[in-house]
Amino acid sequence: MATMASAGSSEEEEEEEACREIRGASGTPRRLGLLLAPRSPAERQQIRAAYRATFGEDLAATLHGNQDDELCKLLYLWGALEPAERDAVVAREAVEGGVTVAGYRALVEVFTRRKQDQLFFTKQAYMARFRRNLDQDIMVTEPSHPYQRLLLALAASRRSHHDDLSQHVAKCDARRLHDTKNSGAGSVVDEAVILEMFSKRSIPQLRLAFCSYKHIYGHDYTKALKINGSGKFEESLRVVVKCIYNPSKYYSKLLQRSMLSAATDKRMVTRAILGSDDVGIDEIRSAFKSSYGRNLADYIQENLPESDYKDFLVAVARGSVAP
């Protein structure tokens with residue numbers, strides 16, 4: 001018992017020390033970033049609680065900083081906010097931006113998080129923070145966009161993420177996906193069938209259906225959509241399926257694409273980093289290596305100009321403080 005108490009005391013002392021270091025680094029984004037970069041989501045959650053207990057204020061007050069600075073903004077979203085609050089902010093920015101294709105994709109990422117009940121808590125946080133209903137904000141776009149219809153179907157899911165997964169249901173859904181192809185001009189799937197399925201299945205159950213599809217038919221469902229030609233709905237559906245079926249590959253590609261041009265798309269980088277928090281940075285590193293044959297940290301090191309922002313991303317990719 002004494003050993004357990006001592007271990008608990010040691011952890012508390014370490015958290016308090018981390019909190020003091022973070023408070024001391026207030027106003028220095030580079031130092032704050034390197035202090036937080038090696039921390040897992042669970043460790044950052046513990047630090048947020050310890051910070052509140054130690055100083056009587058939220059860590060968000062320290063990390064909010066200059067929101068025109070991309071590193072400050074990323075640190076605020078990634079380090080200071082609970083996942084539901086973070087996703088609520090991301091969703092609001094997407095909605096306020098007039099919901100472009102990039103905005104819709106950001107919403108797709110929020111709506112397909114792995115964590116059980118995450119979307120439910122995100123909607124609550126959105127209402128508490130912005131006094132608005134997220135589903136209604138998405139519905140206002142006219143004419144309706146395929147992404148909009150897919151998002152609303154996911155939002156309407158009547159199945160809890162706590163439900164046991166069903167292999168039988170997954171196989172039936174895989175066959176329905178295969179059979180939704182039709183000969184109508186400009187469309188290769190029956191949109192009504194897809195929307196009904198998305199509205200009645202949890203994210204894990206949908207992922208299992210896509211796995212069953214590949215097992216039965218020998219290729220990914222996204223490949224079937226691409227091979228048979230596609231309209232706007234199918235193009236949107238492919239992105240949603242990729243995000244659900246293989247999020248580690250999806251976010252590793254997002255990171256790679258964000259650094260292809262001379263002007264790094266930092267909003268895309270932010271989306272990828274937040275997504276890696278949900279999937280796990282180890283999985284992202286592995287998927288990146290598998291897809292591109294490169295070490296993620298080395299790729300960032302070579303493709304971004306020298307900056308505090310780059311040093312933070314390299315440290316996150318390595319899972320340890322950059323030397």
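**Group meeting: charged patches and a covered helix**

Let me start in helix 7, where Gly103, Tyr104, Ala106, Leu107, Val108, Glu109, Val110 and Phe111 are buried. Buried here means under 20% relative accessible area, exposed means over 50%, and partly exposed is in between (1.4 Å probe, protein chains only). Helix 7 covers residues 101-111, and with 8 of its 11 residues buried it is mostly covered. Helices are DSSP runs of H or I, at least four residues, numbered from the N terminus.

A quick word on the model: it is predicted, so local features need pLDDT of at least 70 and side-chain atom pairs count only at pLDDT 80 or more, while totals for chains, interfaces and linings use all residues. Residues are numbered from 1 along each chain as its sequence is written, and side-chain values use heavy atoms, with hydrogens and water left out.

Now, the charges. Glu11, Glu12, Glu13, Glu14 and Glu16 form a negative surface patch. Patch residues have over 30% relative accessible area and no salt bridge, with like charges joined within 9 Å; a salt bridge is a side-chain nitrogen of Lys or Arg within 4 Å of a carboxyl oxygen of Asp or Glu. Glutamate 14 sits in helix 1, residues 2-24, and counts as exposed because its relative accessibility is 54%.

And the positive side? Lys226, Lys242, Lys249, Lys253 and Arg257 make up a positive surface patch. Helix 16, residues 247-258, gives the largest share of the positive patch, 3 residues. Arginine 257 belongs to helix 16 and, at 35% relative accessibility, counts as partly exposed.

Last stop: aspartate 282, in helix 18 (residues 281-292), is exposed at 52% relative accessibility. Thanks, everyone!

Methods. Patch = residues over 30% accessible without salt bridge, like charges linked within 9 Å, V, L, I, M, F, W, Y side chains within 5 Å. Areas by Shrake-Rupley, 256 points an atom, 1.4 Å probe, with all protein chains shown as cover. Lys, Arg positive; Asp, Glu negative; His and termini not counted. Charge placed at Lys NZ, Arg CZ, Asp CG, Glu CD. Helix = DSSP H or I, 4+ residues; strand = E, 2+ residues; numbered from the N terminus.
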